Number of protein chains: 2
Amino acid sequence: MKSIEVYRSIVEEKIHALSLSNAPQKLYKPIEYIMKLEGKRIRPSLMLAVADMYGLPETDIIEPAIGIEIFHNFTLVHDDIMDKATLRRGKETLHHAFGLNAGILSGDAMQILSYQKICSVHHTVVQDVLKVFNQTAVEVCEGQQMDMDFEEEYTVSEFEYLKMIELKTAVLLACSLKIPGILAFASESDLHHLYEFGRYIGIAFQIQDDLLDSFGSVAQVGKRIGGDICNNKKTLLLLKAMTTPNKYDKEILENWLQTSEYNEQKIQDVKKVFEDSFAKKYTEDKMMKYYIKSIEHLEQLSVAKEKKTILYDFASLIINRTY
Amino acid sequence: MKSIEVYRSIVEEKIHALSLSNAPQKLYKPIEYIMKLEGKRIRPSLMLAVADMYGLPETDIIEPAIGIEIFHNFTLVHDDIMDKATLRRGKETLHHAFGLNAGILSGDAMQILSYQKICSVHHTVVQDVLKVFNQTAVEVCEGQQMDMDFEEEYTVSEFEYLKMIELKTAVLLACSLKIPGILAFASESDLHHLYEFGRYIGIAFQIQDDLLDSFGSVAQVGKRIGGDICNNKKTLLLLKAMTTPNKYDKEILENWLQTSEYNEQKIQDVKKVFEDSFAKKYTEDKMMKYYIKSIEHLEQLSVAKEKKTILYDFASLIINRTY
């Protein structure tokens, strides 16, 4: 087993070696731009790690791993259009740098490229891999739609919110962990635990993302802090804070929810309510619960304990990260 | 063998039975809307016909045939956004009816649904089918990019124009004809001729499409006539007309190329130049040449002549159609 940083550097090297200088340039340049922005490369790095856990050679996993990373980036490109985002990983979003049409079409081509990579797995398992990947890809779209729907709804339940982040974020991580298991002919039980570990830690990951959007720092997170607050995004923080019995805090929230422009004062005020109403504490506790569930599945994986260390470390990193 | 109308009605019935009422509704309703607009269903109908030519049961081809039709419609949805089109098949385009975000996201989900359908083929051939489909899907994006690039270029060569329509339109038809051949374990030679027949008749199809955009009638074509002329679209008609030695005609063209709004007078004037400069005649002759090439490949297909009738009839229909 290598360290997660080593897997990450293998992935990074492979991404930088991608042949993306084909014609027409206006299709491929934007893809090269977004793929070569520095990223955490979480999904493909974990895929390499799980492959290693099962003794699968790197050559068998690297192509689908890159495919998953391209797919993930494709979803970011199209989401950034829909969310009108201008910054991604501290740099201009693709459509902001190259225009709407490039955002749509280069995104489409990325989705196809991801399939091309994923289809390259061994023919005996290609249909099993595609089955979980297709299902996941549809769910990611459903999650993004739910996220957009929430913007227009007055209230969203905690259950709906958790379902949304499961679909939008967690299932792709779960799918990424399962694919190397499928390629290594792992048992049905192991495939289940790999998927569930990924799903639970993926939900924890997104909750932490929401926490960082309000309580992180721009230097660490790489994007403007307080975006969710200014956009009145219905995160668990806001949903919980809205239920506060403190009338004064509730009034502050309700007043600020009337506006949706960027406003420093709003960010300060709302963050204070998140803390005073214990919504922040509640959200952190929720994240811990999902972390613990993920660990329960990790424990049941029929792989030597020392080989699982990398996944244990990854799970702790998720809940302790500041970026 | 059945008639093309019978194959078409089988496809239509299958499309109308598609389960698209899942949640979230805002994702699936637009897909249902666009898929259930009346269409020619050319690709899936031909796929059923080719399957029949090789004695392949309908149950083996119907899913990938629907997959190809969904993919085709996905490309229309995203192209309509990029081209700012408001009408499609005489009805509102998807993004015009449901908004930009629906256009992007429902389109993305359609692309995944098309993969889901195409992946359902027999496991022994799934990788062969996906190889040609993936390649084709990338080429369709490249063709759309070239098409957009042409808008910003002062001149486009006939070679570039033909390459663009080959990628944007013809390769998907070629791929559609090849897939049932792959499923039926047709010979390499037959697979080649099926593909090339599709590619050549696909190019002829697009040339006819361009002719109809200027010389068809709104009642028959289902969209406003003269759109290409008003947008100064660099079709073969325009590219050829620009080379006219008649200075007077050339001046008319160059004057009108300064504007790009909808203008009845412009349409009349430019059409007259297309005719007087023999650009229309040249374009019709070009289409005939591609038709003849397609027939040459059809003749070499190792299938009983009477079984090929449906493809001969289809090819004649393409060049004689008025819709």
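1. Starting with the core: the largest nonpolar core holds 230 residues, and Ile201(A), Leu311(A), Ile201(B) and Leu311(B) are the ones that touch the most other members. Keep in mind throughout that this is a predicted model. Around Ile201(B), leaving out residues up to four places away in sequence, the contacts are Leu173(B), Tyr291(B), Ser294(B), Phe314(B), Ala315(B) and Ile318(B). As background, nonpolar side chains tend to be buried together in soluble globular proteins.

2. On to the interface. Chain A puts 40 residues in contact with 40 residues of chain B. The two chains bury about 3500 Å² between them, with 64% of that on carbon and sulfur atoms. Three residues, Leu105(A), Ile112(A) and Gln127(A), supply 17% of the area that chain A buries against chain B, more than any other three residues.

3. What about the polar side of the A/B interface? There are 12 residue pairs in polar contact between chain A and chain B, counting pairs with both residues at pLDDT 80 or more. The rule also finds two salt bridges across this interface. Glu152(A) forms a salt bridge with Lys26(B), and the closest N and O atoms there are 2.8 Å apart.

4. Which helices of chain A each supply at least two residues of the side that touches chain B? They are H2 (25-35), H4 (58-82), H6 (100-118) and H7 (126-152). H7(A) gives the largest share, 15 residues. Sorted by class, this side of chain A has 23 nonpolar, 12 polar and five charged residues.

5. The peptide bond joining Ala23(A) and Pro24(A) is cis, with omega about -5 degrees, and Pro24(A) sits in the loop between H1 (4-16) and H2 of chain A. In chain B, the bond from Ala23(B) to Pro24(B) is cis with omega near -5 degrees, and Pro24(B) is in the loop between H1 and H2 of that chain.

6. Two arginines of chain A have a positive phi and deserve a glance. Arg41(A), in the loop between H2 and H3, has phi near 55 degrees. Is Arg41(A) buried or exposed? Its relative accessible area is 2%, under the 20% limit, so Arg41(A) counts as buried. Arg89(A) is in the loop between strand E1 (87-88) and strand E2 (91-92), and its phi is about 50 degrees. With 27% relative accessibility, between the 20% and 50% limits, Arg89(A) counts as partly exposed.

7. Ser45(A) belongs to helix H3 (residues 42-53) and is buried, with a relative accessible area of 1%. Apart from residues up to four places away in sequence, Ser45(A) touches Ile4(A), Tyr7(A), Arg8(A), Val11(A) and Lys40(A). Thr235(A) lies in the loop between H11 (227-230) and H12 (236-241) and is buried at 4% relative accessible area.

Conventions: Residues numbered from 1 in each chain as written. Chains lettered and ligands numbered in written order. Predicted model: local features only at pLDDT ≥ 70, side-chain atom pairs only at ≥ 80, totals over all residues. Heavy atoms only, no water. Contact = heavy atoms within 4.5 Å. Buried area = accessible area lost by both parts, 1.4 Å probe. Salt bridge = Lys/Arg side-chain N within 4 Å of Asp/Glu carboxyl O. Polar contact = N/O pair within 3.5 Å; in protein donor to acceptor, adjacent residues only side chain to side chain. Helix = DSSP H or I, 4+ residues; strand = E, 2+ residues; numbered from the N terminus. Nonpolar A, V, L, I, M, F, W, Y, C, P; charged D, E, K, R; others polar. Core = buried A, V, L, I, M, F, W, Y, C linked by side-chain atoms within 4.5 Å. Buried < 20%, exposed > 50% of the residue type's maximum accessible area, 1.4 Å probe, protein only.
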